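Take a first walk through this protein with the structure open beside you.

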Amino acid sequence: MRRLLIRPGAIGDCILTFPAMEDLRAHYTEVWAPSAVCPLVQFADRVRPIASTGLDLVGLTESPAFDALAGFDDIVSWYGTNREDFRDAVARLPFRFFPALPPPLGTPRIRVPEVERTRIVVHPFSASLSKNWPLDRFQAVATALDAEFAVNRDGTPRIADLYELACWLRGAKLYIGNDSGITHLAAAVGTPVVALFGPMDPAIWAPRTAMREIIRRLPMEEIGVADVLAAATRLLQRIRGTESDDAGGDPKSVRTG
């Protein structure tokens with residue numbers, strides 16, 4: 001069985017789908033994903049960036065993707081679910097389509113080298129301004145906890161390659177960030193996280209780890225620095241009381257406050 005898994009989307013969306021994708025492994029498994037996410041896919045025989053396949057042209061014009069697609073016995077796709085032109089174009093191929101929402105099961109795990117956890121990390125950004133807690137409050141939290149920022153002062157990534165960033169995040173004893181792909185990345189390498197939510201529903205989009213504290217307010221400006229510091233203190237106390245540094249397990253209840 002040659003199976004192709006096609007997963008577009010943002011970093012966090014992809015990471016949340018990893019457990020389902022791993023369950024779909026076949027004798028030969030190939031994954032097409034966003035280029036940034038490709039270094040994180042550890043369960044496939046081959047990984048290709050979607051942009052390199054010509055998939056975006058399918059349904060619009062002739063595409064080299066057809067030759068590649070024809071070589072698979074089964075194609076599981078989160079791509080094209082809502083594109084009628086795409087679905088019509090691949091109707092004769094063995095496609096199965098899934099919605100963008102992540103399956104409500106499984107704990108994503110990205111394997112990285114074990115390192116000593118010595119730092120507290122803060123990541124103050126996300127893909128949407130509506131999901132960003134005020135930067136000055138992140139700075140206040142970082143000062144209070146003597147934390148390191150996961151980005152440069154100009155907002156550019158401190159480490160661009162996501163796998164290298166994952167390795168760096170593994171060295172954190174605590175991570176604090178918005179509802180973002182990097183928050184999911186931290187959780188997936190076993191780092192305890194404090195995640196700040198606003199418009200999105202944490203019941204669906206929260207990082208899947210037992211070692212977490214989630215704060216949600218609408219608007220997000222109602223989250224105070226004291227709220228975040230209290231959540232960080234609770235989580236650090238739980239870490240000290242845990243014999244193992246394994247952050248896996250079933251998610252705890254969401255704090256909405």
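Find proline 124 in the loop between β6 (119-123) and α4 (135-145). Helices (H or I, at least four residues) and strands (E, at least two) are DSSP runs, numbered from the N terminus. This is a predicted model, where local features need pLDDT of at least 70, side-chain atom pairs count only at pLDDT 80 or more, and totals for chains, interfaces and linings use all residues. Residues are numbered from 1 along each chain as its sequence is written, and side-chain values use heavy atoms, with hydrogens and water left out.

Is proline 124 buried or exposed? Proline 124 has a relative accessible area of 2%, so it is buried. Buried means under 20% relative accessible area, exposed means over 50%, and partly exposed lies in between (1.4 Å probe, protein chains only). Proline 124 touches several residues beyond four places away in sequence, including Trp133, Phe138, Phe149 and Asn178. Contact here means heavy atoms within 4.5 Å. Leucine 135 is another of these neighbours. Proline 124 and leucine 135 are 11 residues apart in sequence, and their C-alpha atoms are 6.3 Å apart in space.

Now step back to the whole chain. The protein has 8 helices and 10 strands. Its radius of gyration is 19 Å, close to the 18 Å that the globule rule gives for 257 residues, so the protein is as compact as a globular protein of that length. The radius is taken over C-alpha atoms, and the rule is 2.2 Å times the number of residues to the power 0.38. Along its principal axes, the C-alpha trace spans about 60 × 35 × 35 Å. Of the 257 residues, 49% count as buried. Take the contacts between residues at least 6 apart in sequence: 59% of them join residues at least 24 apart.

Next, trace the strands. Strands of a sheet pair through backbone hydrogen bonds, either parallel or antiparallel. Two strands count as paired if DSSP finds at least two bridges between them. Strand β8 (residues 172-178) joins β9 through 4 bridges. Tyrosine 175 has valine 193 of β9 as its bridge partner. Strand β9 (residues 193-197) joins β10 through 5 bridges. Here leucine 196 stands opposite isoleucine 215 in β10. What encloses strand β10? In β10 (residues 212-216), 4 of the 5 residues are buried, so the strand is largely enclosed by the rest of the structure.

Look also at β1 and β2. Strand β1 (residues 2-6) pairs with β2 in the parallel sense over 5 bridges. Arginine 3 has threonine 29 of β2 as its bridge partner. Strand β2 (residues 28-33) is mostly covered, with 5 of its 6 residues buried.

Move on to alanine 206, in the loop between α7 (202-205) and β10. Alanine 206 has 3% relative accessibility, so it counts as buried. Leaving out residues up to four places away in sequence, alanine 206 touches Leu16, His184, Phe197, Arg212 and Ile214. Glycine 12 is 194 residues away along the chain, yet the two C-alpha atoms are separated by 9.6 Å.

On a 1 Å grid over the protein atoms alone, a cavity is a set of points where a 1.4 Å probe fits but cannot get out, while a pocket is an open set with protein on both sides within 12 Å along at least five of seven lines; lining residues have an atom within 4 Å of a point. Grid points are joined across faces, edges and corners, and a volume is the space filled by probe spheres set on the points.

The largest pocket holds about 500 Å³ of space. It is lined by 25 residues, and Ile11, Ala127, Ser180, Gly181 and Ile182 lie nearest its centre. Helices α1 (11-23), α5 (162-169) and α6 (181-188) each supply at least two residues of this lining.

A search of the whole structure finds 1 cavity of 30 Å³ or more. Its lining includes Ile15, Leu16, His184 and Arg208. Helix α6 gives the largest share of the cavity lining, 3 residues.
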